[in-house]
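The sequence and the structure are shown first, and a description follows.

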Amino acid sequence: MAEPQFVARNSAGSVVFDSRDVAAGLCVGVIDVPASTAQVYTYPDYVGRAIRVCGIWGLDIWGASVDYALGYPRVSFIASAARSYVLFIL
């Protein structure tokens, strides 16, 4: 039986996430941010953990910020064009 895995690659074929690499974190979701609407997502179950936000295609992150002012991760996206992100908990 093959080992279950999730590997994400960018358009050049480079690995941007590999579930077998503990340092990469655990994927906790893919967020599709609608156009022209600011969005905020909170993760109260992840107190004391960090969140990393990555572009769906391994591109640079733009328009996203992470803060921990509530004692747990909060991810905010500015209003702009529609885009998708992958979230990893560390």
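Predicted model: local features only at pLDDT ≥ 70, side-chain atom pairs only at ≥ 80, totals over all residues.

Strands E3 and E8 pair in the antiparallel sense, and seven bridges join them. In one of these pairings, Val 33 has Arg 83 in E8 as its bridge partner.

**The chain as a whole**

The secondary structure of the protein chain consists of eight strands and zero helices. Read along the sequence, the pattern is β-β-β-β-β-β-β-β. The chain has 90 residues, of which 29% count as buried. It exposes about 5700 Å², and carbon and sulfur atoms supply 57% of that area. Among contacts between residues at least 6 apart in sequence, 63% join residues at least 24 apart.

**The sheet E3-E8-E5**

E3 and E8 belong to an open sheet of three strands in the order E3-E8-E5, with antiparallel pairing. Strand E3 (26–33) and E5 stand at the edges; each has a single partner strand, so one side of each is left without a neighbour in the sheet. On average, neighbouring strands of this sheet are turned by 25 degrees against each other, direction ignored.

On the E5 side, five bridges join E5 to strand E8 (residues 83–89), and the two run antiparallel. Here Cys 54 has Val 86 in E8 as its bridge partner. Is strand E5 largely enclosed or largely open, and why? Four of the five residues of E5 (residues 51–55) are buried, so the strand is largely enclosed by the rest of the structure.

**The sheet E4-E7-E6**

Another open sheet has three strands in the order E4-E7-E6, and its pairing is antiparallel. E4 and strand E6 (64–67) are the edge strands; with a single partner strand each, one side of each is left without a neighbour in the sheet. Neighbouring strands of this sheet are turned by 15 degrees against each other on average, direction ignored.

E4 and E7 pair over four bridges in the antiparallel sense. In this pairing, Thr 42 stands opposite Arg 74 in E7, and Gln 39 has Phe 77 in E7 as its bridge partner. E6 and E7 likewise pair in the antiparallel sense over four bridges. E6 and E7 form a hairpin with six residues between them, and Gly 71 in the turn has a positive phi of about 95 degrees.

| Strand pair | Bridges | Example of facing residues |
|---|---|---|
| E3 and E8 | seven | Val 33 and Arg 83 |
| E5 and E8 | five | Cys 54 and Val 86 |
| E4 and E7 | four | Gln 39 and Phe 77 |
| E6 and E7 | four | Ser 65 and Ser 76 |

**Gln 39 and its surroundings**

Gln 39 lies in strand E4. Its side chain is joined to the side chain of Tyr 41 by a polar contact of 3.4 Å. Leaving aside residues up to four places away in sequence, Gln 39 touches Val 33, Pro 34, Val 75, Ser 76 and Phe 77.

**Aromatic rings**

A pair of aromatic rings is described by the distance of the centres and the angle of the planes. The structure has three aromatic pairs, counted with ring centres within 6.5 Å. One of them is formed by Tyr 41 and Phe 77: the centres are 5.9 Å apart, the planes are at 75 degrees, and the pair is edge-to-face. Tyr 41 lies in strand E4 (residues 39–42) and Phe 77 in strand E7 (residues 74–77), so the pair ties together parts that are 36 residues apart in sequence.

Which residues do ring pairs link into a cluster? The cluster consists of Tyr 41, Phe 77 and Tyr 85. Within it, Phe 77 counts as buried because its relative accessibility of 2% is under 20%. Tyr 41, in contrast, is partly exposed, with a relative accessible area of 22%.

Definitions and conventions
Residues numbered from 1 in each chain as written. Heavy atoms only, no water. Phe/Tyr/Trp six-rings, centres within 6.5 Å; stacked < 30°, edge-to-face > 60°. Buried < 20%, exposed > 50% of the residue type's maximum accessible area, 1.4 Å probe, protein only. Pairing = 2+ DSSP bridges. Axes fitted to C-alpha atoms, helices over the stretch in contact; angles between N-to-C directions. Contact = heavy atoms within 4.5 Å. Areas by Shrake-Rupley, 256 points an atom, 1.4 Å probe, with all protein chains shown as cover. Polar contact = N/O pair within 3.5 Å; in protein donor to acceptor, adjacent residues only side chain to side chain.
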